[in-house]
Every structure is written in C-alpha cells, then in structure tokens.
Amino acid sequence: MNKIQTIYNTIFSLYGPQGWWPLLECKGTNPTKTGSIQGYHPNDYSYPKNNAQVFEICVGSILTQNTSWSNVEKALLNLKKRNALNTKGMMQLSDGKLRELIKVAGYYNQKARYLRGFLEFFKTLKKVPSREELLNIKGIGPETADSMLLYAFKVPSFVVDSYTKRIFSYCGLIQRKATYDEIKALCEQSIEPDLKIYQEFHALLVEHAKRYYSKKPFGLNCPLKKLFL
DNA sequence: TTCCAGGCAATAC
DNA sequence: GTATTGCATGGA
C-alpha cells in the first residue's frame, strides 16, 4: 500500500462517499460534509444523466475558479432562472446580462469571456474532448480541464487543486514547489485509473482541507500527518 | 478589518 | 523557465 492509497483509504473512512459533482437538480446533502450546500448525490455515480447536466458541470467548473461553491451555486441558479444554463439559452444572453447573472461568482468579466469561449467549443462538440482540446480554450487551465473530464465526461483524469498540493505538501509527500503535472502523475501512478475513486478522492481532499487546511496554521491536528511518522 | 475561496492569463524577472 | 500580479464577490 503506497502513501497516496493510504491517504485515500483514510479520508474515505473518515468522510465516506461525497457525491460530487453537485448538480442543481439533486436535492441530496452529504451528511458528513461541512457547510449546508445541496446538490450532492453520494453513492450515485450515474450523473451527469444528460447533456444539460454535462454543460452545467462544465460551467460550474469555470465559475468555481478561486471562488467558494456557495457563490457559484447562486450564479448557476441565476442562469437557470433565465433559462441560460444550456447552450442555446446562454448564447442568446447579451454580454451585459451574462456578466450580471454570474457576478456573484466573482471575476465576472473574465469568467463571462471564458464561458463564451467554452460555449463556442461545446456547442459543436460531438465526442468526449481531449485534455489538449480543453486546455486550448482560454480560461481553461489544468484543474478546470481535469474537473470537466473527470466529472462531466467521466474520464478518469486526476484533479489536482491548491488543497491537494497543500495537504500532500504538509504530509511530506511532495515538495512545496511541485508542479501540477508532477502531482497529477504521482497520483495516477499510485492509484490505477478508476472513475469512482478519482471522483471521490478529489472531493474527499477538498472536504479534508476545509476542515484542517483552510485557516492558518495549516494542518493543525490533521490526522493524516500522523500516518507516515 | 483581514483572510480565504474547489485558478487562470498576462507580465515581469 | 519560474515568480508575481490582476481579476471580484461574499462569508467567517
């Protein structure tokens, strides 16, 4: 059992299935989750169920860049109310209206442009996109691309975020200067590609980080740090 | 008031 | 190639 697997097993035992990616249509909450946000579907890996939900996940992955999910959820609801959480509806929005609807998610000028660019790509999409294709879209970096692949397109592509890096760094698994691709490679070499495990692992790391790595001093009382002493 | 949030692109060095 | 900066709202 390698260290990455040990971390996965430990936090899965602590928090259980997370039910990511949250979708507006799902009313379920995750009882072990911090906060009171809804939209999770623990133990149900059948989502997304349709193209509209694929699109919703992709839009959410752009809106949540460096932004709390509670604000993203409000923006998604604004779009939904305007019937703009689908390709046709969003294309019909003026730039001003689009910015207004997503304003609550922050960086709204940038993100409105990013959404337009993604929309152009998505509306003619006929197959599962490659990571390269996604990275070529302005506003889609490695984490957003991997989130889309893993949660919207069901490709077992490991998602690394700032929490992942922080936790692994404080647990001594990586160097502080480790790059996104290095961390991703370490994880994908430690755990064979598996959609459910990759989906849960990223969600569990976020949950764990919210408990132990969101305020300084980071890692205080983190149970994972005791695993490799 | 300050810090933080499920990053990214542009720019500086 | 790596480090820094601007983008922005809302909650703790």
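**The surface near DNA strand C**

Reply: By class, the surface near DNA strand C has three nonpolar, five polar and two charged residues, where Ala, Val, Leu, Ile, Met, Phe, Trp, Tyr, Cys and Pro count as nonpolar, Asp, Glu, Lys and Arg as charged, and the others, Gly among them, as polar. This is a predicted model, in which local features need pLDDT of at least 70 and side-chain atom pairs count only at pLDDT 80 or more, while totals for chains, interfaces and linings use all residues. Residues are numbered from 1 along each chain as its sequence is written, chains are lettered from A and ligands numbered from 1 in the order in which they are written, and side-chain values use heavy atoms, with hydrogens and water left out.

Me: Which residues surround DNA strand C?

Reply: A residue is near a strand if one of its heavy atoms lies within 4 Å of it. Here the surrounding residues include Asn66, Asn71, Lys74, Lys103, Tyr107, Asn109 and Gln110.

Me: Which helix gives the most to this surface?

Reply: Helices are DSSP runs (H or I, at least four residues), numbered from the N terminus. H6 gives the most, with three residues, and helix H3 (69-81) and helix H6 (108-122) each supply at least two.
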